[in-house]
Each structure stands twice: as C-alpha cells, then as structure tokens.
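Me: I am new to this structure and would like to understand it step by step. Please show it, and then let us go through it in questions and answers.

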Amino acid sequence: MLPLLKDLDAKLVGAPVAGMFPDKVSSFVHVWTDAQDVLFSKDDVRSAGQRSLILSASAARGLGALRRQTGVQELFYGTLTTLMRSVAFGLPTSVGTGFSTQQHESAVGLAGHWQFAPWGEWMLASNGASRIQVSKAGAAFTSLQQGGTSDLAITSARLLNRFGAYILAANTNVGTTSVHWCSDDNPEDWVPSEINTAGDYVIRDADSELTCACELGDKLAYYTRASMTVVTYIGAPFVFSFSKALKGIGAWGGKSVAAAGRRNYGWGPQGMWETDGVSFTYLDDEVLRVWLSSRLYRGQASKIVAYHNEDRHCIEWSYPIDATGENAETVVFDYQTRSWHRGSVPFSAALDREVFGYALTANGANIYAEGTGDYGSPLLLSKPLSFGDPGQEFFVSDVRVIHSGTLTVTVGVMEDIDSAVIWLPSVTLAANWDNVEVFRTARFFKIKIEGAAAWRVTGILFYGKAMGYRL
C-alpha cells in the first residue's frame, strides 16, 4: 500500500488498495486511476516492464519453441502466410509458405492464430484454416499425414495441443465442437482401430464452437464462449473423459486463456476470471469491467492474446481497440497482490518461459524477451485527491516522495472534480528526501510519477493546511 499523509492533523488519510482503479471518484480510498509498467506490493510500488529486443521478424500470429537433444533452442513463429524458424535466435528462415491465415474476425470465423505443439524433435502447427503441418527434425513444414503417406480426414484444426502421449486437434472441419486425437506416441496415426488408441469425441452440449484450449494442471480445459469442459486422461479403451465443468466463464479466442500453476486465467464475454476447474472467480470488478468494455473492440476480440509473465507474477492480456488493427493495448493482473495495471507494449503473440527460461512477446516485427533490458514507460497517476473532504480547500506547500532511484514528479491542481487539471512544472528527484514545491490552494490535487529506469516509491507526504470552505 502507498500511504498518503497530510500534516494537517498528522494522520493517515487512506489505506489504498494496490493497483489502478480507473474512474474511481475522489471519495473512494483507492489512490491510482492509472498505473503502467509498475509492480505493487503492500509496502511499495516499483517500476517494471523490462524487455529486450532479441529478434526482428515478420509480424507473428503465434509462437512456439522446442529444445533439440543437442541442447539447441529453436523458436518457431507463424505469420498470416508463412511459418518461420530461428535457431538460437539467429536470422529467421522460412520453413513453410502458401498459407492463408484469417487476419480479422468476421461473420465466417474467428481471427487466425497459429497453434504449435512440440513432439520431441518434431514441431506441429495449425492455423485453423490449412492442414495441420509438421516439421520433422529440422526439415521444412509439410502436411501431417496418416502413416506419413496419405492425407488426414482432418483438413483444418483451430486448436492443437500436446497432452501427455497424444496430440489433440479440436474445432476441426469435421465439427466446431469435435475433438480428435492420435494414437499414443504416434502423431501420424489418427484413424481409430482395434490396435491403436486414436479416437474422437463430440462435445454435444457445447453452447458455441470451441474457442480455446489450455492446460490445467494434469488436465486439459476446452472453452466455449460461456462454458468450460475438462478433459482427463483415463487410459484405454476410452482414453479420455470429457466432463462439462463450469458455466459462466468462457474465452474470446484461441489465445485468450493462460495457465499459471494449476489455474487458468481467461477473458471472455462475461469478463475476466480465474479457475481451478472446480470453481471460478471473476477478477475484474465493475469499474474495471466498464473501463475495459470501453477499450476492447468486441468485434475483433478473438485476437486477444494472454500469457503468464512468471518473472512479474502477472497474467497479461493484449487486445484490439478497432476493427482492422492488431492488438494495441495491454492490461495486466498481478495474481500475488490481486492488483491491476497496464503494459506499455502490446503483443500479437506470446510464449511462456519454458524452453528459453524467459517469456517472449511479439510486437509487430519485433520479438522481445521479458524481464531484462530497458524499462517500458512506468507511470503512476492519482485520482483527484481531496484529503478526505472534497468540499474544503487546502493549501499545499510541498510534496515529499519517499523513494529510491531517479523519477519525475508532477503535481496538478483542480478547482472542481470535473475541471481541467493545471499541471505544475515537473521535478526530477534523485535524492531520497527531495521535496516538490507546490504553494497552491485548491480543492483537489493530483500527482503523477514517471521514470524509465529502476525506481521504488514507499510513501508520499503532502504538507499544508486546511483553508476552509468556499461560499
């Protein structure tokens, strides 16, 4: 928590809940109306958002990775038309062409995303429109075939997952609620028979097409727009059990759910939520839900991409704000402090830590490693502060920001809750006990803290006195 004190009676004005609370009025105890590239704790707020450019590439709609037996790490990514590979973050090379991935959501389908599923030295990929592709031990991608010789009956799959000894393909040309799996330990055997464990299942009570799949501990979760079905491995002869687990949560698209530990965190038409597969909790309160609904362009919501930023114990979602663009804004949930903030860099594809030891995000033609390198654009912006009495005027002589590192502080004054902010000259603070001179009388004050470097704020003190009520 970040204490705001005034020396008028030397007592705590509010004990604000961490995180940003957009559109909260001044009578609430929540302090920050905006927060970007920061991390909250019960004791401080720190700048965050570090990332480093590791690869310049074509715009990615999906990332995958595998580690060869030799230890070499390979990154795969898909564009709308091409599959690419980078070995040890070297120059990307084309390993598959001629695809037609749907760029925008339309009446005939969701926006396209490449799904990747590593299988030993093989990498499988699917974009929801073309045949499932496979790259064997570094070779170029070709269509996955039955026995390696004949075309599969599945000509497209929107969802592709490795689950134990199986590859599962769902939302296929056979049916939008159908799930198919290969025989155990053989991704080239998809025709069920008495001597294999390949099979298929139709989730008949699904309320929409299967929009997303995500691992959930030792299970796999399939999501529609408004429900969740859990897949459990039960062994031969039936192999998998499908049980509808929850109603009331759903997923906008194929990448809108992320896994952290034994929980899923997702964004669907009902809002943002977390689940362990047995129960669920909505993450966004009414204020945040209204704010996000004013930002998200729902007609392209299937472009939403989520990932687990393990370095910052956060789930990040990037989302579109218009009909024809890529994802343009990012909202972040810190599951340790249960707080929200924004990210300054949007992304169209993301990859959890796993193979590379750090998460990757793709923004336009750039792929970034998360957790190291340059900071983003850390920002804290307060709501209009009235020190507990919005009807009274206050004279503020100066503000002390208790901090470490170098940051820039700007104080604003307002005559009314709806009036324009008059921002005073910004002051750069380097010493831990520097003060910002204000010498202004007003009913409301705002404070803005910025700085694209490492900084930490543990307290803010306003010095001044009450001036009475204006007639």
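Me: Is D189 buried or exposed?

Reply: The model is predicted: local features need pLDDT of at least 70, side-chain atom pairs count only at pLDDT 80 or more, and totals for chains, interfaces and linings use all residues. Residues are numbered from 1 along each chain as its sequence is written, and side-chain values use heavy atoms, with hydrogens and water left out. Buried means under 20% relative accessible area, exposed over 50%, and partly exposed in between (1.4 Å probe, protein chains only). Because its relative accessibility is 16%, D189 counts as buried.

Me: In which loop is the place of D189?

Reply: Helices (H or I, at least four residues) and strands (E, at least two) are DSSP runs, numbered from the N terminus. On that numbering, D189 has its place in the loop between strand 19 and strand 20 (199–202).

Me: Which residues is D189 in contact with, leaving aside its neighbours within four places in sequence?

Reply: Contact means heavy atoms within 4.5 Å. With those sequence neighbours left out, D189 is in contact with Q146, C182, S183, N196 and A198.

Me: What separates the C-alpha atoms of D189 and W317?

Reply: Along the chain, D189 and W317 are 128 residues apart.

Me: Is S183 buried or exposed?

Reply: S183 lies in the loop between strand 19 and strand 20. Not counting residues up to four places away in sequence, S183 touches A165, Y166, D189, N196, T197 and A198. With a relative accessible area of 5%, S183 is buried.

Me: Why is strand 18 largely enclosed by the rest of the structure?

Reply: Strand 18 covers residues 166–172. It is largely enclosed because, of its seven residues, the number that are buried is seven.

Me: How many bridges pair strand 17 and strand 18?

Reply: Two strands pair if DSSP finds at least two bridges between them. Strand 17 (residues 157–163) pairs with strand 18 in the antiparallel sense. In this pairing F163 has Y166 of strand 18 as its bridge partner. The number of bridges between strand 17 and strand 18 is six.

Me: Which residue takes a positive phi in the hairpin of strand 17 and strand 18?

Reply: This hairpin has two residues between the strands. The positive phi, near 65°, belongs to G164.

Me: Which peptide bond is cis, with omega near 5°?

Reply: P237 lies in the loop between strand 23 (227–235) and strand 24 (239–247). The cis bond in question runs from A236 to P237.

Me: Is A88 buried or exposed?

Reply: A88 lies in the loop between strand 9 (83–87) and strand 10 (93–96). Its phi is near 50°, a positive value in a residue other than glycine. At 53% relative accessibility, A88 counts as exposed.

Me: What is the relative accessibility of R338?

Reply: R338 also has a positive phi, near 60°, and is a residue other than glycine. R338 is found in the loop between strand 31 (329–334) and strand 32 (339–343). R338 counts as partly exposed because its relative accessibility is 40%.

Me: How far apart in space are D205 and K244, C-alpha to C-alpha?

Reply: D205 has its place in the loop between strand 20 and strand 21 (212–216). With a relative accessible area of 46%, D205 is partly exposed. D205 and K244 are 39 residues apart in sequence, and their C-alpha distance is 8.2 Å.

Me: What is the radius of gyration of the chain?

Reply: The radius of gyration is taken over C-alpha atoms, and the globule rule is 2.2 Å times the number of residues to the power 0.38. For 471 residues, a compact globule would have a value near 23 Å. The chain agrees with this, at 25 Å.

Me: How many strands does the secondary structure of the chain have?

Reply: Buried residues make up 55% of the 471 residues in the chain. The secondary structure comes to one helix, and its number of strands is 43.
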